Amino acid sequence: MSIRSSGRRTGAGAAALAIGASVLLVPAAAVTVRAEPLPPRPTPAVDAALLHRAGTHVRARQGAPALPDDVSALSWLVADAGTGAVLAAHDAHRRLPPASTLKTLFALTALPHLPGSGRHTVTEAELDEVPEGSSTVGLSADHTYRVADLWRGVFLSSGNDAVHVLAAMNGGWDVTSAQMQAKARALGARDTTVVSPDGFDADGQASSAYDLAVFGRTGLADPAFAEYAATADARFPGGTNADGSPTWTYGIENTNRLVTGQDGMGRYPGIIGVKNGYTSQAGFTLIAAARRDGRTLLATVMNPQWGGANAVYEEARSLLDWGFAAAERVDPVGSLDPPPPPATPPATRRTVAASAVARSGLDVGTPMVYGLSAAFLAAVATLTGAAVLRRRRSP
């Protein structure tokens, strides 16, 4: 009897376990698995499309100084290099020839691969494609130069010969052009088309005041770039030894007159670079940066419509003066930061549930029960208990 009773109890327990197991595999019509809510996206401070609209844009608060009225450039921009906030701009995304200001993008692209500690022997082939009439620093074939001297030739003398040599070292003219194009896109500079890395006039080549400000800001964050851009003058090798050390030198001077103060301009207070340019198609172009009282501002100026060779510097000076006076009294009209990547859409409940089932190793084709109601479990227990009592009472 005890053996028979034990067997019945064991059978009942097994039945209960079987029922419980089968319950776990019962398909369910409605199972709610809630996804973790994503944090709300921050509201942009300004309309991101504002700077793409023609005209002058500034959001002045009460007491802000008026914009200078002596700026004739086709395109210009003033920004805070630290925060990336654009304080004011005029036709910021207008695509124009950049001239040698494009060398800032060249440096952003090639400088990380070609540090100044290296040495290189220049070949005739590297100098053959330097455009006639373009600015040069005076490189000679079969001379060995320190790479730092080549970079000084780029930043100070705007030397297209130095750009051609460095581009050859970087993999070639076409490779460097493609790298520069990719670098511009990665920085959010979408107005720039690179055809000639030295900035010399070429069909289709263009940039904008916005993009040039992005290049200047990015470059200033690199200590090597910033040092070259701020150098007013240097001694350049006229002849060299095999190790690149000079046998004799000559002086070169930064062509950015706000850095040197030459030609009656006067050195701009707090100036830290970065690059100027000129071609017959581009006119005069300039990226200028200055630091005062812990704040760094950038001004970009493209093709002033009146004044002589100093106009681009005078207009940049006026814009920087305005920017330092207005920095706490205007709201941004844009940002130099690259746009954020597209937001990932929130996962749907079905996707989350399917993922959970897949991780458990169950068939994801049929929804399964992950939670049972207390009432249903109580009913199973009652039925199981009744079956055990009937077996105990049977003869």
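**Exercise 1.** Is Asp 91 buried or exposed?

*Solution.* Recall that a residue is called buried under 20% relative accessible area, exposed over 50% and partly exposed in between, with a 1.4 Å probe and protein chains only. Asp 91 has a relative accessible area of 15%, so Asp 91 is buried. Asp 91 is placed in the loop between strand E3 (85-90) and helix H2 (103-110), where helices (H or I, at least four residues) and strands (E, at least two) are DSSP runs numbered from the N terminus. Its phi is near 45°, a positive value in a residue other than glycine.

This is a predicted model, in which local features need pLDDT of at least 70 and side-chain atom pairs count only at pLDDT 80 or more, while totals for chains, interfaces and linings use all residues. Residues are numbered from 1 along each chain as its sequence is written, and side-chain values use heavy atoms, with hydrogens and water left out.

**Exercise 2.** Work out whether Asp 293 is buried or exposed.

*Solution.* Begin with the place of Asp 293, which is in the loop between E9 and strand E10 (295-302). The relative accessible area of Asp 293 is 84%, and therefore Asp 293 is exposed. Phi of Asp 293 is near 50°, again a positive value in a residue other than glycine.

**Exercise 3.** Find the residues that Glu 315 touches.

*Solution.* First locate Glu 315 in helix H10 (residues 311-326). Then, taking contact as heavy atoms within 4.5 Å and not counting residues up to four places away in sequence, Glu 315 touches Asp 70, Val 71, Ser 72, Ala 73, Val 301, Pro 304 and Trp 306.
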